Amino acid sequence: MSETATITIEGKQYEYPVISGTEGEKAVDVRKLRGDTGYITYDDGYGNTGSCLSDITFVNGEVGILRHRGIPIEELAEHSSFLGTSFLVIYGHLPSNEEMAAFSDRISRNADLHEDFRHHFSGFPTDAHPMAVLSAMLNAVGCYHSEMTSNNREQDLEHFDRAAALLISKVRTIAAMTYRMGAGLPFVSSRENIGYVENFLHMMFSEEGAEYQATPEISRALDLFFLLHADHEQNCSTSTVRMVASGGANMFASVSAGVSALWGPLHGGANTAVVKMLQAIHDTGDDGSKFIEAAKSGKARLMGFGHRVYKNYDPRAKILGSATEVLLGSLGHSDPLLDIARHLEKAALEDEYFIERKLYPNVDFYSGLILKAVGIPVEMFTVMFAIGRMPGWIANWREIATGSKRIHRPRQIYTGKVDQHFVSAE
Ligand SMILES: CC(C)(COP(=O)(O)OP(=O)(O)OC[C@H]1O[C@@H](n2cnc3c(N)ncnc32)[C@H](O)[C@@H]1OP(=O)(O)O)[C@@H](O)C(=O)NCCC(=O)NCCS
């Protein structure tokens with residue numbers, strides 16, 4: 001007999017089915033609760049709410065597991081690339097050589113932006129925040145592809161392969177152009193026959209007559225950074241993408257909303273906050289010890305620590321921690337901020353406050369140091385996260401577009417005034 005959960009409300013018992021995921025996760029299916037009882041569930045911040053069934057990513061935060069389509073992140077980090085992992089996340093299986101070649105080719109061919117974009121960029125103040133520019137530009141790209149942005153699911157899905165490649169490719173071009181706009185530099189066109197990361201670095205840093213040459217270590221570190229951000233189940237931005245998609249909005253509009261959601265310091269903005277925190281600690285001559293005390297007393301927050309889901313080491317932080325050492329070693333320079341980060345990590349992992357609350361380093365703790373070593377300016381860090389997260393947003397958009405027909409619409413418990421009446425200002 002299938003398992004059920006019994007809920008007693010006002011003395012009456014109601015039975016609800018228990019559903020299980022493929023990894024043994026359990027949920028009480030309360031979809032009929034309101035109809036049966038008039039009650040809803042209250043779950044501020046959705047910490048106990050499964051908003052969907054999804055085949056894409058599995059996270060077990062208690063023990064620190066992250067798998068895409070069943071494959072552990074450690075194996076992908078070792079054997080795959082950002083584009084290989086993007087294919088896996090989007091299409092559900094590892095690409096064959098032919099599939100990989102076709103996918104990479106579609107991405108390469110879609111790198112450049114329409115000439116009008118020069119005007120769109122010049123419409124922004126040069127100090128506009130890159131995340132604001134990115135969100136606006138992704139929707140703008142959609143305006144040039146009306147066949148992919150019809151908001152008719154069947155039609156938008158017909159163009160899915162091209163739209164997905166176009167977004168993965170152009171998000172990188174927009175990021176590079178935004179950086180150059182802010183730095184007052186001329187835009188650089190993409191090159192053919194070079195890798196995804198190398199092309200990005202070329203569009204960011206090449207100068208007239210001085211082609212930027214990425215070392216293999218830099219390319220590998222940045223590719224790993226993107227790969228480790230490819231998807232992370234129902235976080236704030238991905239849930240936003242799904243929410244927007246549930247209303248029938250096209251992929252460009254949905255991922256543009258995802259960028260806005262990612263911007264906040266408690267989400268994608270944390271990688272920027274970590275480096276700013278490390279710099280501030282360094283500037284005051286502290287080795288991190290005073291900062292730990294401030295974090296414990298609630299006067300400061302140890303950015304890059306703690307996670308809504310991980311109550312153990314974020315596996316991505318482990319991989320990035322060692323990748324940071326390898327990259328800095330290859331560049332032959334040390335970074336005092338890395339020493340502070342290592343000290344903070346060690347001190348926090350041994351401290352009762354952090355142990356009790358199960359606060360461990362998350363993906364943002366080391367990622368900022370990698371980006372800094374590559375020469376990415378701090379204000380671009382969250383944009384880099386967005387480039388990496390694009391395949392996850394696309395895969396989640398597709399799940400909604402091919403699956404659920406219901407618009408997402410949570411309910412609320414109203415706690416405002418009652419029985420008020422209109423009183424004229426006079
Ligand atoms: C990620 C984060 C928002 C998760 O929040 P959450 O699951 O809602 O956890 P809470 O805010 O309820 O924190 C639980 C307790 O740990 C403390 N805490 C959580 N993160 C902390 C941090 N980074 N530094 C110091 N204390 C922290 C809280 O103050 C709280 O303490 P209390 O029980 O004494 O009130 C939070 O850990 C955080 O702000 N981290 C820093 C930002 C960051 O790195 N974000 C990137 C996430 S990938």
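In helix α16 of this predicted model, Ala341, Leu344, Glu345 and Ala348 are buried, a residue being buried if 20 or more other C-beta atoms, placed from the backbone, lie within 10 Å of its own, exposed if 12 or fewer, and partly exposed in between. These four lie on the same side of α16, because they cover an arc of only 100° around the axis, taken from the directions from the helix axis to the C-beta atoms. An α-helix has 3.6 residues a turn, so residues three or four places apart point the same way. Exposed residues Pro336 and Lys346 are carried on the face turned away from the buried side of α16. Helices are DSSP runs (H or I, at least four residues), numbered from the N terminus. Residues are numbered from 1 along each chain as its sequence is written. Local features need pLDDT of at least 70, side-chain atom pairs count only at pLDDT 80 or more, and totals for chains, interfaces and linings use all residues.

The buried residues of α16 pack against α13 (270-283), α14 (289-296), α17 (352-356) and α18 (364-374). The axes of α13 and α16, lines fitted to C-alpha atoms over the stretch in contact, come within 9 Å and cross at roughly 100°, with angles run from 0 to 180 degrees between N-to-C directions. That makes α13 roughly perpendicular to α16 (65 to 115 degrees).

Leucine 113 is placed in the loop between α4 (97-109) and α5 (117-122). Leucine 113 counts as buried because it has 22 C-beta neighbours inside 10 Å. Leaving aside neighbours within four places in sequence, leucine 113 is in contact with Lys170 and Thr173 (contact: C-beta atoms, placed from the backbone, within 7 Å).

Technical notes: Helices (H or I, at least four residues) and strands (E, at least two) are DSSP runs, numbered from the N terminus. Two residues are in contact if their C-beta atoms, placed from the backbone, lie within 7 Å. Angles under 35 degrees count as roughly parallel, over 145 as roughly antiparallel, 65 to 115 as roughly perpendicular and the rest as oblique.
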